[in-house]
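Hello,

Please find the structure below, with the sequence.

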Amino acid sequence: MLLATGGGAAAALTLAACSQPAPEPDELGAGVVLMPLDDVGVGEAKAVTTEDGVEIMVVRSGEQDVHAFSAICTHQGCSIRPEEGELYCPCHGSRFDQSTGEPTDGPAEEPLPEVAVAIEDDNVVTV
């Protein structure tokens with residue numbers, strides 16, 4: 001049983017958010033529109049959450065070149081964000097290569113799961 005008062009409830013919710021398991025890429029079906037292509041610039045990454053609550057990081061490495069990863073850190077399940085050309089987990093400091101999803105600085109040791117995407121009708125969609 002969890003009892004919390006005042007700021008404790010917010011702290012408990014924050015801890016719960018960091019303990020969620022990373023979504024598997026196969027949880028998304030094909031054809032889910034993640035975002036318009038123009039919403040992410042070349043060389044940039046942008047997070048999006050699907051209607052089903054799956055957090056995805058879309059990376060645009062060229063005019064017509066996109067890829068995506070789970071936006072959930074493989075260390076303890078916190079949401080990652082783009083920062084200085086990398087993907088960064090603010091909870092424990094893990095960093096990931098935004099081109100490959102591979103960890104570049106721990107404590108995470110596993111890469112971010114890849115999500116298959118393509119460009120269709122000027123949108124980034126799952127395949």
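Cysteine 78 is buried, at 2% relative accessibility; buried here means under 20% relative accessible area, exposed over 50%, and partly exposed in between (1.4 Å probe, protein chains only). Its partner in a disulfide is cysteine 91, with the sulfurs 2.3 Å apart. Cysteine 91 is partly exposed, with a relative accessible area of 33%.

A disulfide is counted where a pair of cysteine sulfur atoms lies within 2.5 Å, and by this rule there is one. The torsion about the S-S bond of cysteine 78 and cysteine 91 is about -105°, so this disulfide is left-handed. The pair links distant parts of the chain, 13 residues apart: cysteine 78 is in the loop between strand 4 (65-70) and strand 5 (81-83), and cysteine 91 in the loop between strand 6 (86-88) and strand 7 (95-97). Strands are DSSP runs (E, at least two residues), numbered from the N terminus.

Cysteine 73 is in no disulfide; its nearest cysteine sulfur, that of cysteine 89, is 3.9 Å away. Cysteine 73 is buried at 2% relative accessibility. Cysteine 89 is in no disulfide either, and is buried with a relative accessible area of 1%.

On the model itself: it is predicted, with local features needing pLDDT of at least 70 and side-chain atom pairs counted only at pLDDT 80 or more, while totals for chains, interfaces and linings use all residues. Residues are numbered from 1 along each chain as its sequence is written, and side-chain values use heavy atoms, without hydrogens and water.

The mean pLDDT (the predictor's confidence in each residue, from 0 to 100) of the protein chain is 83. Over residues 1-17 pLDDT stays under 50. Where pLDDT is low, the predicted coordinates should not be read in detail.

Regards

Terms used
Contact = heavy atoms within 4.5 Å. Helix = DSSP H or I, 4+ residues; strand = E, 2+ residues; numbered from the N terminus.
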